Amino acid sequence: MADHVQLLPGTLDLLILRAVSLGPLHGYGILLRIGQISCNCLLIEQGALYPGLFRLVRQGLLKARWGTSENNRRAKFYELTATGRKRLREETANWNRLATAIGAALATQPEEA
Amino acid sequence: MKLLDSLRFRISTIFSRSQMNAQIDDEIHSHIQHRADDIERTGLHRAEAERRANLEFGRRERFKEECRETFSGNSIEILTQDMRFAVRMLCKSPAFTAIAVLTLALGIGANTAIFSIVNCVILRPLSFRDPGRLVRLYMYNKQFDNLGATFPDLLDWRARNRSFEGLAATWENDSNLFDQNGPTKIRSAVASANLFAVLGVPPLLGRAFLPAEDRLGYEHAVMISYGLWQTRHGGDSTVLGKAITVDGTSYAVIGVLPRGFQYPGKTDVWLPMGLGEEALIRFHDNRRIHAMETVGRLLPGTTFDRTSLDMNVLAEQLAREYPASNTGWKVRLVSLGEDTVGTSRKGLLILMGAAGFVLLIACANLASLLLVRGSVRAKEFAIRASLGGSRTRLLRQIVTESALLGLLGGATGAMLAFASQAAIVAMIPKDLPRIDEIRLDAHALLFAFALALATSAVFGIGPALQNKRVNLQSALKTGGWQAVGNSNPALRKVLVITEVACALILVIGATLLAESLFRLMRVQPGFNSLDVITGTIGYPDSYATQEQKTVFAKRVISNLTEMPGVLDAAGTSLLPLYNFKRQFSPIQIVGHPSDPHHEPESEITTVTPEFFRSMQIPLIAGRTFTEVDGGLDSGPIVVNEAAARRFWPNQNPLGRQVRFEWIGTVVREVIGVVGDTKQTSLATQSEPEIYLPFYGIASPYLTFVVRTNANPAAFANVLDDQVHKVDGTIPVYDVQTLERLTAESFAPNRFYLRLISAFGMMALGLAAIGVYGLISFNVVQRTHELGVRLALGALPGGLLRQIAWEGMRLTLVGLVVGVACALVLTRFISGLLYGIAPADPMTLIGASGLLLLSEMAACYIPARRAMRVDPMVALRYE
């Protein structure tokens with residue numbers, strides 16, 4: 001657990017969108033998918049996922065419907081809406097720019113020596 | 001489309017709340033089952049797997065709450081829910097709610113009532129077009145102030161000024177109206193043709209005056225007010241062209257002015273400037289008669305100051321051209337708004353300030369109440385927080401509650417203001433301008449609610465923020481009253497001190513005003529106002545000669561004297577203390593060197609021989625008039641003591657001579673000296689007054705004075721009948737008892753006294769509630785401690801003193817602060833005081849004593865309760 005990283009505020013939404021972009025998933029599935037695509041190194045409290053999901057549905061980025069899971073249980077499945085897809089593209093680009101910039105900034109060597 | 005969806009979504013969330021809860025539960029359940037499935041696969045029992053899954057999920061209730069919150073956003077749902085809860089909370093503690101709402105209502109009601117007056121009188125713009133550009137022009141020199149222009153000056157101003165779009169002139173009169181409904185007394189104004197264009201108010205019906213009607217040989221045309229049109233003509237549009245008789249001359253109605261139009265005063269009819277050839281010629285020629293009340297509209301782009309400068313340059317030019325009449329005369333500009341409000345502004349602002357203090361006390365009380373309530377509810381909030389209520393959510397709940405309190409308080413306050421409106425307006429002295437415009441309008445209501453919401457928001461959120469600091473653990477652990485321990489005692493003490501200080505200021509103000517009124521009422525007016533009825537007539541133009549006026553007056557007076565119950569009857573041109581613009585006339589005292597800069601002047605009153613006897617004004621020396629005294633060519637005069645002292649100090653005034661330029665060059669001899677009467681008000685010194693015989697120099701108005709044996713008000717009809725028996729076309733107006741007339745001269749004092757003592761009373765009550773609240777809260781909070789101390793043998797009396805002392809200490813500090821503030825603030829009401837200094841020590845002591853007593857009572861009641869604490873009950877309290 002020690003090598004788990006706390007999420008930056010606001011990044012959970014981006015991860016959810018990314019996870020769901022590969023196909024409809026239920027909540028627990030999304031959590032597993034995020035773990036899978038992030039090499040299990042992010043620490044996400046399970047319950048914290050749900051306010052995020054509700055928020056994205058509320059913003060019209062996700063849509064939800066009830067269905068049956070692979071375990072043969074009733075579950076609510078989430079998928080991207082067109083707006084959600086567009087938002088994912090924009091946010092991904094934003095994130096990459098931010099990460100590059102911060103990376104570059106941190107990589108510079110101190111000038112005085 | 002999207003909007004519609006969102007709306008539908010929002011609405012659906014409101015109505016399917018329980019459904020939504022079930023869905024969230026379902027979803028979380030599904031999540032946990034899926035997780036448990038995975039854990040089970042590692043070889044654990046199902047039950048253990050589910051337990052772990054549950055644990056891993058985290059703070060379930062918290063996440064549920066967050067889900068619900070995101071779902072409903074910040075919207076109506078939370079609000080209705082908070083509202084519902086707030087209503088429930090308020091209903092659960094009716095005493096708290098009642099006190100809080102009532103406190104707010106008093107503060108807001110008082111302020112709204114006064115604000116609605118201030119708004120109508122001062123703030124609301126006059127109902128003319130672009131009233132900000134309208135100014136009144138006054139002429140003044142070293143001796144006279146605030147006079148109108150002369151007619152030739154007006155014409156010169158019009159021709160030569162560079163600042164005005166137009167200059168219009170009026171002069172006002174009391175007039176007799178005679179139409180199909182009989183005679184009545186009205187206010188008339190002679191108006192220049194451009195008046196309505198300058199004010200920017202076109203007539204509602206018909207036309208305004210034509211320029212030709214400004215001049216001699218004018219049409220006999222009249223414009224009437226909306227009020228007169230409604231009351232005398234039933235609002236009938238065929239009124240145009242109808243004839244009405246004003247002061248004996250017939251005029252054709254040419255126009256009706258819109259509702260609410262008032263200029264120059266509460267005018268009923270406007271007559272053309274060409275009116276009255278004799279008067280007009282006099283005004284035309286004479287550069288000495290300052291009769292034209294002038295109003296002008298500034299040209300766009302000109303400033304007030306530059307215009308003032310321009311006009312005075314013009315005044316200097318005129319002084320060079322007409323040195324005899326215009327030397328030393330300057331022009332003063334006053335904005336029309338300021339001119340209308342005049343001296344009332346200060347009094348109203350004082351009232352607003354007093355009402356503000358009441359609100360301040362109310363706010364302090366409310367803050368105190370909410371602080372206590374906040375700390376009492378610390379445990380409730382701690383529980384809610386630990387169950388997953390977010391801080392913002394809890395804060396929002398508190399704000400909703402105080403907003404609800406605010407709305408309730410505001411509504412009750414507005415109702416109070418509405419209920420008291422009529423009573424307050426009825427008390428307002430008649431000289432306050434625009435009284436009939438006063439109503440509780442949308443502005444005042446808006447003011448009330450803005451005030452209520454602002455108050456409750458500030459004083460609701462303050463304690464709420466403080467509440468945020470409450471340590472969850474300690475609040476839950478200690479529980480009950482102990483949690484209340486830190487309800488910010490310092491802040492509450494400051495609040496109590498503020499309340500006491502504010503209340504003291506108001507009580508001192510009210511006491512000073514009351515003391516002044518009592519002193520005023522004891523002032524001797526110089527005549528006996530008991531059992532006298534008075535009424536006034538104006539002579540119509542048909543009474544042109546002195547002979548006609550004399551005959552009329554003599555017949556009415558002798559008829560009146562013969563009526564049963566009438567002891568005496570007389571006539572005068574002007575009653576003492578009659579609410580009328582008094583004027584001093586220049587006189588020349590024979591034997592004194594004449595000094596053009598310090599002409600002696602005196603009030604001039606014409607009276608019939610019976611006047612001094614009827615009024616019971618004492619004769620000091622010489623004799624009064626007889627029936628034969630009179631005549632324009634010669635005639636005696638009677639002076640009051642003030643005139644005798646001023647004009648002939650240390651000499652015998654009898655036999656001395658006086659000349660009045662305005663009624664010829666005749667020299668008149670002093671035949672008697674009578675006692676002084678109060679003229680403009682009871683509070684002012686008597687000025688020199690010279691009496692002329694009415695039967696020699698009749699005034700255009702005649703006021704009858706009828707002394708009766710009892711109940712003078714019952715003689716109103718008698719007076720009316722006797723006048724109408726002699727001439728049925730002359731209306732008698734202002735019929736009232738002399739006692740009432742005298743009382744009217746202190747009407748403003750009474751008005752301010754009543755309102756400020758009402759505020760003082762509220763303040764006293766509110767401050768007492770504040771101290772009571774603090775002490776009883778302390779007692780409840782310390783029940784446990786008190787129980788222990790009583791059990792250990794403390795004497796109840798000692799405890800009582802100790803607890804009461806806490807409140808009294810704060811009261812004493814408040815009194816010191818209050819006295820200090822009062823010493824500064826009472827100077828502002830010194831204009832309303834009579835015969836008492838603003839810093840009157842007896843008043844300060846008395847008011848402080850009153851406050852001390854009421855606070856003592858407020859401390860004693862809860863302290864006694866503390867004394868009766870049963871140690872056993874107290875120790876078992878938790």
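Helix H19 (residues 489-522) of chain B and helix H28 (residues 841-867) of chain B pack at about 130°, with their axes 9 Å apart. Here axes are lines fitted to C-alpha atoms, for helices over the stretch in contact, and angles run from 0 to 180 degrees between N-to-C directions. Helices (H or I, at least four residues) and strands (E, at least two) are DSSP runs numbered from the N terminus.

This is a predicted model, in which local features need pLDDT of at least 70 and side-chain atom pairs count only at pLDDT 80 or more, while totals for chains, interfaces and linings use all residues. Residues are numbered from 1 along each chain as its sequence is written, chains are lettered from A and ligands numbered from 1 in the order in which they are written, and side-chain values use heavy atoms, with hydrogens and water left out.

The crossing of H19(B) with H28(B) is right-handed, that is, the near helix is turned clockwise from the far one by less than a right angle. On the H19(B) side the contact (heavy atoms within 4.5 Å) includes Val500(B), Leu504(B) and Ile508(B), and on the H28(B) side it includes Leu844(B), Leu851(B) and Glu855(B). By class, this contact has 10 nonpolar, three polar and one charged residues. Ala, Val, Leu, Ile, Met, Phe, Trp, Tyr, Cys and Pro count as nonpolar, Asp, Glu, Lys and Arg as charged, and the others, Gly among them, as polar.

| Helix pair | Angle | Axis distance |
|---|---|---|
| H1 (residues 11-21) and H3 (residues 49-58), chain A | about 75° | 10 Å apart |
| H2 (residues 27-37) and H3, chain A | roughly 105° | within 11 Å |

At that angle H2(A) is roughly perpendicular to H3(A), and H1(A) and H3(A) are likewise roughly perpendicular to each other. From H1(A), Leu12(A), Asp13(A), Ile16(A) and Leu17(A) meet residues of H3(A) that include Gly52(A) and Arg55(A). That contact divides into six nonpolar, one polar and two charged residues. From H2(A), Gly27(A), Tyr28(A), Ile30(A) and Leu31(A) meet Leu49(A), Tyr50(A) and Leu53(A) in H3(A). The H2(A) contact has six nonpolar, one polar and no charged residues.

The second largest pocket holds about 640 Å³ of space. Its lining has 24 residues, and Phe96(B), Leu369(B), Val372(B), Gly773(B) and Phe777(B) lie nearest its centre. H25(B) gives the largest share of that lining, seven residues. By class, the lining residues are 12 nonpolar, six polar and six charged.

Some local features lie in loops of chain B. Most residues other than glycine have a negative phi, and most peptide bonds are trans. Tyr263(B) and Pro264(B) are joined by a cis peptide bond, with omega about 0°, and Pro264(B) is in the loop between strand E7 (249-256) and strand E8 (269-272). Gln616(B) has a positive phi, near 55°; this residue is in the loop between helix H21 (611-615) and strand E16 (619-622).

Asp676(B) is in the loop between strand E19 (667-674) and strand E20 (689-693). Asp676(B) lies 35 residues from Glu641(B) in sequence and 5.7 Å from it in space, C-alpha to C-alpha. Beyond its neighbours within four places in sequence, the contacts of Asp676(B) include Pro525(B), Glu641(B), Arg645(B) and Ser686(B).

Terms used:
On a 1 Å grid over the protein atoms alone, a cavity is a set of points where a 1.4 Å probe fits but cannot get out, and a pocket is an open set with protein on both sides within 12 Å along at least five of seven lines; lining residues have an atom within 4 Å of a point. Grid points are joined across faces, edges and corners, and a volume is the space filled by probe spheres set on the points. Angles under 35 degrees count as roughly parallel, over 145 as roughly antiparallel, 65 to 115 as roughly perpendicular and the rest as oblique.
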